[in-house]
Amino acid sequence: MKRCLPFSFVLLPLLFTGCGGTRTVTKTVTVPATTKGGVGAPRQVVEYGYIRSLKSQGSGYLMRFDPAWLLTGKTANQAALEDTGSSDVPNDNYVVNESKRAYTYMVSPTAHVTVLKRE
């Protein structure tokens, strides 16, 4: 019993060392909204899909676009499981293209567009 007693005295102060010595500080920061609030059309629309054609027309362009869903996380895993029988999703994203229907868009010559392609 003499061996355990000195160890108990050393261990007991260590257990209580961190209690009550911390203080939590909360800082509230207000940042300007980057998205439009309220009713009406959004300020920016981001779409994912396939450009079927892009032709010059007048001062702009006429685009035929086939939209698709770019899914990530659990939604991607579940969609892949339902479609293929496996929930393995490379790079944590899965594309669902329910139809091959293309819609017509008028594209401004000053539009900012990001195009991704396979190499």
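How many bridges pair S1 with strand S2 (residues 60–67), and in which sense do the two run? Select both strands: S1 and S2 pair over eight bridges, in the antiparallel sense. Two strands count as paired if DSSP finds at least two bridges between them.

**Before going on**

This is a predicted model, in which local features need pLDDT of at least 70, side-chain atom pairs count only at pLDDT 80 or more, and totals for chains, interfaces and linings use all residues. Residues are numbered from 1 along each chain as its sequence is written, and side-chain values use heavy atoms, with hydrogens and water left out.

**Stop 1: the whole chain**

Show the protein as a cartoon. It has two helices and five strands. Helices (H or I, at least four residues) and strands (E, at least two) are DSSP runs, numbered from the N terminus. Along the sequence the pattern reads α-β-β-β-α-β-β.

Now colour by pLDDT, the predictor's confidence in each residue, from 0 to 100. The mean for the protein is 79, and 69% of its residues reach 70 or more. Where is confidence lowest, and where is it highest? It is lowest in helix H1 (residues 4–16), at a mean of 45, and highest in helix H2 (residues 73–84), at 96. Contact means heavy atoms within 4.5 Å.

**Stop 2: the three-stranded sheet**

Select S1, S2 and S5. These three strands form an open sheet in the order S1-S2-S5, with antiparallel pairing. Strand S1 (49–57) and strand S5 (103–107) are at the edges with a single partner strand each, so one side of each has no neighbour in the sheet. On average, neighbouring strands of this sheet are turned by 25° against each other, direction ignored. For such angles, axes are lines fitted to C-alpha atoms, for helices over the stretch in contact, and angles run from 0 to 180 degrees between N-to-C directions. Strands of a sheet pair through backbone hydrogen bonds, either parallel or antiparallel.

**Stop 3**

Is Asp66 buried or exposed? Asp66 has a relative accessible area of 0%, so it counts as buried. Buried means under 20% relative accessible area, exposed over 50%, and partly exposed in between (1.4 Å probe, protein chains only).

Asp66 touches Gly49, Tyr50, Arg52, Asn97, Ser99, Lys100, Arg101 and Ala102, not counting residues up to four places away in sequence. Of these, select Asn97, found in the loop between S4 and S5. The side chains of Asn97 and Asp66 make a polar contact at 3.0 Å. A polar contact is a pair of N or O atoms within 3.5 Å; within protein, one must be able to donate a hydrogen and the other to accept it, and residues adjacent in sequence count only if both atoms are side-chain atoms. Leaving aside neighbours within four places in sequence, Asn97 is in contact with Tyr50, Arg52, Asp66, Pro67 and Ala68.

**Stop 4: S3 and S4**

Next select strand S3 (residues 69–72) and S4. Four bridges join S3 to S4, and the two run antiparallel. Thr72 has Asn93 as its bridge partner in S4. S4 has a covered face, with Tyr94 and Val96, and an uncovered one, with Asn93 and Val95. In a regular strand the side chains alternate between the two faces of the sheet.

**Stop 5: the nonpolar core**

Which residues make up the largest nonpolar core? Select Leu71, Ala76, Ala79, Ala80, Val89, Tyr94 and Val96, its seven residues. Such a core is a set of buried Ala, Val, Leu, Ile, Met, Phe, Trp, Tyr and Cys residues joined through side-chain atoms within 4.5 Å. H2 and strand S4 (93–96) are the elements that give two or more residues to this core, and H2 gives the most, with three. Centre the view on Ala79: apart from its neighbours within four places in sequence, it is in contact with Leu71, Tyr94 and Val96.

**Stop 6**

Select Asn91, in the loop between H2 and S4. Asn91 has a positive phi of about 55° although it is not a glycine. Most residues other than glycine have a negative phi, and most peptide bonds are trans. At 71% relative accessible area, Asn91 is exposed. Asp92 lies in the loop between H2 and S4, and its phi is also positive, near 55°. Asp92 counts as partly exposed, with 41% relative accessibility.
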